[in-house]
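Biologist: I would like to learn how to read a few features of a structure. Could you take me through them one at a time?

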Amino acid sequence: MSPIVGSPVARVDGRAKVTGAATHTADAQVRGALYGYLVLSTIANGRVTRINTQDAERSPGVVAVFTHENMPRLALPTSQLAAYWKRTIPLQNADIHHSGQPVAYVVADALEQAQHAASLVSVTYETRTPQANLADAMDEAYVPLPGLEGPNEVTRGDVGAGLAQADVRIDVSYTTPMHHHNALEPSATTAVWDGNQLTVYETAQGIGATRLSLSEALGDLPLENVRVLSSFLGGGFGAKGPVWPHTMFTAAVARHLKRPVKLVLSRAQAYTSNGHRPESHQRFRIGAKRDGTLTAIDHITTSQVSRTEDLLFNTSEPTRMLYACPNMHVAHRAVKLHLPAPSNMRSPEVVASHGLETALDELSYELGMDPIELRLRNYTSVNPDNGAAFGSKHLQECYRRGADGFGWSKRDPRPGSMRVGDTLVGWGMASAAHTAGGRPGAGARVVISAGGKAVVQVATHDIGTGTYTVMSQVAADSLGLEFDDVDFELGDTNFPYAFVSAASATVPGVGAAVNRACTTARRAVIDIAVADTRSPLHRVPADRIMVESGVLYDTERPKRRDTIRAVVTRHGQPVEATTNPVAIPLGYSTGAVFAEVRVNPRLGQVRVTRMHGMFDTGRIFNRRTLRSQAIGGAVWAVGFTLAEHTLVDHHLGRIVNPNLSGYLVPVNADIPEINIGFVDKPDPAFQEAFGARGFGETPMTGMTAAIGNAVYHATGRRIRDLPLTQDKIIGDGEAE
């Protein structure tokens, strides 16, 4: 039997999804459930002075209306995993910190009744002028204390001396906009109480964190009394990683009313209730020798945070880890604004990567050097952040194979030199890189039944990435069973714990856990067979026995064989194994990405016409699902570079395009053929996970800069503010 790990098998959940059989959170049918709906604030700074709920309460079907005056009291979660709202939870007092903050929670017999009643709630505010413009508040920026992602300021060497030694220096700034997730599935919660036992159906990337947060927020609720379920997730992209207040509200309201309650956020509500990628400003000062060797990098990022917390989600790892540079200073600063709280968002390192890879492109033109050659001059096989060797890093091979596949050698480096008729053609490239792993990991449980089939359970998630499929592959290989003889179950806190499905940690963390548990179970089956006088393998040394396709055999005498089914049947009870979480090492997935654009110089219209990526991901579990992740990252890069941005009225602090009619995302017609390749060499640092590193967040990181660099190559205009919209393309003078 050939290994199942590495085979491009189809998704095991594919049929359920395309036929509608997959049960997402809002699909959960709970007898007697009431429906909740949020009323959101229309101001960004101030307090509620009066709230009239009488008309809403008299509306047909309404069961209750909760405001800050009668909402059950919630405790601030204190553990690092659960805590997100560090200083305040809405609906616990009259204070308003951003527009779109919940001010009432309406509960009714039907969703339409709750929505109608919500429109009848009247709120009077004491309004204060909000501060909602990052550019106006840059002088208030500060470096927060270390957070979930580590230190927010790092210095290596002497940047001043490094800049003084440089033959060429650049000093450039870039901005990226507020950016929203817009997952296909909206966030949803259904809370069901049975005495003091709470079951929550939740759109979660971290059911363990949800469980812990609810236990702490609800005060007298032991952790073992909380069960969280999330079988399918229609996209998360980081928004469903934190535990948001609406989940806590729903559980508290359901307990108060002694009825199940379901809440589903509207698309517009998700823009202020689910986090976002914050607006950022980056300044780079870079020095280099004439031969391209970097002498110094000074990288200052300033991002928007809310008035109630200052968590930052990108500590500029690309600047710290990707290239050899003896003198470096990185700082990530925060500015408190009257805007909703930012959160994790897929590829958090894309902001720093976009700035760094664009700045290096600018440096390559200053030096008159090919952009790939500049990167090769500064290649490093060790992590400059700590001097440790990477488990594996094949970025040089990615540059070579990526350039060959794209045809980079045919590029005329002069800006504006390549045309098709009146259309300008530009080619750009960049390095892609993202940290992977470095998280607590996961446990796993496996049960092999008398029928010779196995059930593997982990409290992890499939956020659309293929976890069901690839973990079934890992289990089948580790057990020595056929792929169809394994069922992988997830999304239940009754299963062994797994870390949040984020930070490119699921494949190495859950994969290692499944491998450990299944290897233990396989060895247990072998030991049973060896000890069983009825088995043809009785007294055969265990290290001589192999297991393939459900068959155990003696490697020295292959005709002596038994089956897992027969062994377990004679044993008279299932064979079980459970493993506890083991921390995942920190890995680094890299790649080289290339983009071709065509620009209409009169209309300023940019079309991406070719995209190419070559990536080093460690061992590939499933080329089909992995390629899908790379394509998804490339598509989102097109959106972030050319179209996507959340607009805020700076006078009111209000998001003005909280819907998909005003917030533009790419459609099929915007995306060309995307060519993806992989090095596929195992990383020895991730041996328990078959040498596989996390990867899903890597592809987007370089592609935004590759597209922007291609636009410069086509037009000779360096536009340093995303998105690269038509007005910026046709603007007068040098873009700043």
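Biologist: Where is A503 found?

Modeller: This is a predicted model. In the model, A503 is found in the loop between β20 (486–489) and α13.

Biologist: Is A503 buried or exposed?

Modeller: Burial is read from relative accessible area, and under 20% counts as buried. A503 has a relative accessible area of 16%, so A503 is buried.

Biologist: What is there to note about phi of A503?

Modeller: The general idea comes first. Most residues other than glycine have a negative phi. Phi of A503 is near 60°, a positive value in a residue other than glycine. S347 also has a positive phi, of about 60°, although S347 is not a glycine.

Biologist: Where does S347 lie, and how accessible is S347?

Modeller: S347 lies in the loop between β15 (328–336) and α9 (350–367). Its relative accessibility is 0%, so S347 counts as buried.

Biologist: What about the peptide bond between L722 and P723?

Modeller: Again, the general idea first. Most peptide bonds are trans. The bond that joins L722 and P723 is cis, with omega at about -5°. P723 is found in the loop between α16 (698–715) and α17 (726–729).

Biologist: Now helices. How do the axes of α12 and α13 cross?

Modeller: For a pair of helices, look at the distance between the axes and at the angle. Helix α12 (residues 467–479) and helix α13 (residues 506–531) have axes that come within 8 Å and cross at roughly 30°. Angles under 35 degrees count as roughly parallel, and α12 and α13 are therefore roughly parallel to each other. The crossing in which α12 passes α13 is right-handed.

Biologist: Which residues of α12 and α13 meet?

Modeller: On the α12 side they are T467, M471, V474, A475, S478 and L479, and these meet T506, V507, V510, G511, V514, N515, C518, T519, A521 and R522 in α13. Sorted by class, the contact of α12 with α13 has nine nonpolar, six polar and one charged residues.

Biologist: At what angle do α15 and α16 pack?

Modeller: Helix α15 (residues 623–642) and α16 pack at an angle of about 40°, and their axes are 8 Å apart. That angle makes α15 oblique to α16. Their crossing is right-handed. From α15, the contact is made by Q629, A630, G633, A634, W636, A637, V638, F640, T641 and L642; from α16, by P699, M700, M703, T704, I707 and G708. By class, the contact of α15 with α16 has eleven nonpolar, five polar and no charged residues.

Biologist: How do the axes of α5 and α6 cross?

Modeller: The axes of helix α5 (residues 207–217) and α6 come within 10 Å and cross at roughly 55°. α5 and α6 are therefore oblique to each other. α5 passes α6 in a right-handed crossing. The α5 residues in the contact are T210, S213, L214 and A217, and the α6 residues are T247, M248 and A251. These residues of the contact of α5 with α6 divide into four nonpolar, three polar and no charged.

Biologist: Where does S230 lie, and what does S230 touch?

Modeller: S230 lies in the loop between β11 (226–229) and α6 (245–257). With a relative accessible area of 3%, S230 is buried. Not counting residues up to four places away in sequence, S230 touches T25, E202, T203, A204, I207, L490 and G491. For E202 there is a distance to read: the side chain of S230 reaches the backbone oxygen of E202 at 2.8 Å.

Biologist: Is G219 buried or exposed?

Modeller: Over 50% relative accessible area counts as exposed. G219 has 56%, so G219 is exposed. The place of G219 is in the loop between α5 and β11. The C-alpha atoms of G219 and G238 are separated by 27 Å, and the two residues are 19 residues apart along the chain.

Biologist: What does H538 count as, by relative accessibility?

Modeller: H538 is at 23% relative accessibility, so H538 counts as partly exposed. H538 lies in the loop between α13 and β21 (545–548). Leaving aside neighbours within four places in sequence, H538 is in contact with A529, V530, A531, D532, T533 and R560. The C-alpha atoms of H538 and I528, ten residues apart along the chain, are separated by 8.9 Å.

Definitions and conventions:
Residues are numbered from 1 along each chain as its sequence is written. This is a predicted model: local features need pLDDT of at least 70, side-chain atom pairs count only at pLDDT 80 or more; totals for chains, interfaces and linings use all residues. Side-chain values use heavy atoms; hydrogens and water are left out. Helices (H or I, at least four residues) and strands (E, at least two) are DSSP runs, numbered from the N terminus. Buried means under 20% relative accessible area, exposed over 50%, partly exposed in between (1.4 Å probe, protein chains only). A polar contact is a pair of N or O atoms within 3.5 Å; within protein, one must be able to donate a hydrogen and the other to accept it, and residues adjacent in sequence count only if both atoms are side-chain atoms. Contact means heavy atoms within 4.5 Å. Axes are lines fitted to C-alpha atoms, for helices over the stretch in contact, and angles run from 0 to 180 degrees between N-to-C directions. Angles under 35 degrees count as roughly parallel, over 145 as roughly antiparallel, 65 to 115 as roughly perpendicular and the rest as oblique. A crossing is left-handed if the near helix is turned anticlockwise from the far one by less than a right angle, and right-handed if clockwise. Ala, Val, Leu, Ile, Met, Phe, Trp, Tyr, Cys and Pro count as nonpolar, Asp, Glu, Lys and Arg as charged, and the others, Gly among them, as polar.
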